[in-house]
Amino acid sequence: MRLSPRAPEWRNAREIALALLARREYSQRELQLKLISRGVEASAIGALLEELAAERLQSDARFTENYVNARHARGFGPLRIRLELQQRGVDESLIDAHLDACEGAWEDLMRAQYHKRFGDRPAEDFAERARRGRFLQQRGFSSERIGRLLHELCKGV
């Protein structure tokens with residue numbers, strides 16, 4: 001059963017969605033889950049999400065751009081950001097486009113995170129080097145990038 005835009009249930013669902021979107025951006029999947037948790041009828045959600053997207057009140061592209069920028073600013077790497085966006089139901093093509101836009105900045109970001117955490121002192125042994133690598137890996141940087149950085153900064157270990 002599809003609800004009419006004039007039905008009270010439709011207006012209530014739309015009001016809930018707009019209140020959520022007024023606070024922050026949501027991916028379509030996140031918004032769908034939020035609406036379900038607020039008791040909105042499942043039959044109304046699909047059409048409502050289409051309408052919000054058509055009116056540009058909800059946009060996965062805008063959500064992805066904001067999310068990538070915010071996580072990048074907090075020092076997270078592309079692998080972690082990709083995983084988080086996938087969990088939020090964002091399309092792979094959007095993820096690729098926004099992560100590729102930051103491609104040149106990942107090395108600098110990883111180096112900045114490394115120096116923020118460990119300073120300029122070199123790793124004293126292999127265990128310390130491995131610990132530093134795990135830190136960068138948890139932040140979302142690739143093993144290849146981490147290996148190059150550690151090889152450069154931790155010579156002799």
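This is a selection-by-selection tour of the structure above.

The model is predicted, so local features are taken only at pLDDT of at least 70 and side-chain atom pairs at pLDDT 80 or more, while totals for chains, interfaces and linings use all residues. Numbering starts from 1 along each chain as its sequence is written, and side-chain values use heavy atoms, without hydrogens or water.

**Stop 1: the largest core**

Select Ile81, Leu85, Trp106, Tyr114, Leu136 and Phe141. Of the 23 residues in the largest nonpolar core, these touch the most other members. A nonpolar core here is a set of buried Ala, Val, Leu, Ile, Met, Phe, Trp, Tyr and Cys residues joined through side-chain atoms within 4.5 Å. Buried means under 20% relative accessible area, exposed over 50%, and partly exposed in between, with a 1.4 Å probe and protein chains only.

Now colour the helices α4 (60-73), α5 (78-87), α6 (92-100), α7 (106-118), α8 (126-139) and α9 (143-153). Each supplies at least two residues of this core. Helix α7 gives the most, with five residues. Helices are DSSP runs of H or I, at least four residues long, numbered from the N terminus. Apart from this core lies another, of 13 residues, among them Ala13, Ile16, Leu21 and Leu49.

**Stop 2: helix α7**

Select Trp106, Leu109, Met110, Gln113, Tyr114 and Phe118, the buried residues of α7. Look down the helix axis: they fall within an arc of 140 degrees, so they line one face of the helix. The arc is that of the directions from the helix axis to the C-beta atoms. Turn to the face away from the buried side for the exposed residues Asp108 and Lys116. What covers the buried residues includes α4, α5, α6, α8 and α9. Just after α7, Gly119 takes a positive phi of about 70 degrees.

**Stop 3: Tyr114 and its ring partners**

Zoom in on Tyr114. At 2% relative accessibility, Tyr114 counts as buried. Leaving aside neighbours within four places in sequence, Tyr114 is in contact (heavy atoms within 4.5 Å) with Gly119, Arg132, Leu136, Leu149, Leu150, Leu153 and Cys154.

Tyr114 and Phe118 form a tilted aromatic pair, 5.2 Å centre to centre with 50 degrees between the planes. Rings of Phe, Tyr and Trp (its six-membered ring) pair if their centres lie within 6.5 Å; planes under 30 degrees apart count as stacked, over 60 as edge-to-face and the rest as tilted.

**Stop 4: helix α5**

Select Pro78, Ile81, Glu84 and Leu85, the buried residues of α5. Down the axis, they fall within an arc of 130 degrees, so they line one face of the helix. They pack against α4, α6, α7 and α9. Just after α5, Gly89 takes a positive phi of about 80 degrees.

**Stop 5**

Select Glu30 in helix α2 (residues 28-37). Glu30 is buried, with a relative accessible area of 14%. Not counting residues up to four places away in sequence, Glu30 touches Arg24, Glu25, Phe63 and Arg88.

Next, go to Arg129 in helix α8. Arg129 is buried, at 18% relative accessible area. The C-alpha atoms of Arg129 and Cys154 are separated by 7.2 Å, although the two are 25 residues apart along the chain.

**Stop 6: arginine over a ring**

Show Arg24 and Tyr26. The charged end of Arg24 sits over the ring of Tyr26, 4.0 Å from its centre. The rule asks for NZ of Lys or CZ of Arg within 6 Å of the ring centre and within 35 degrees of the ring normal. Finish at Arg139, which lies over the face of Phe76, at 4.1 Å from the ring centre.
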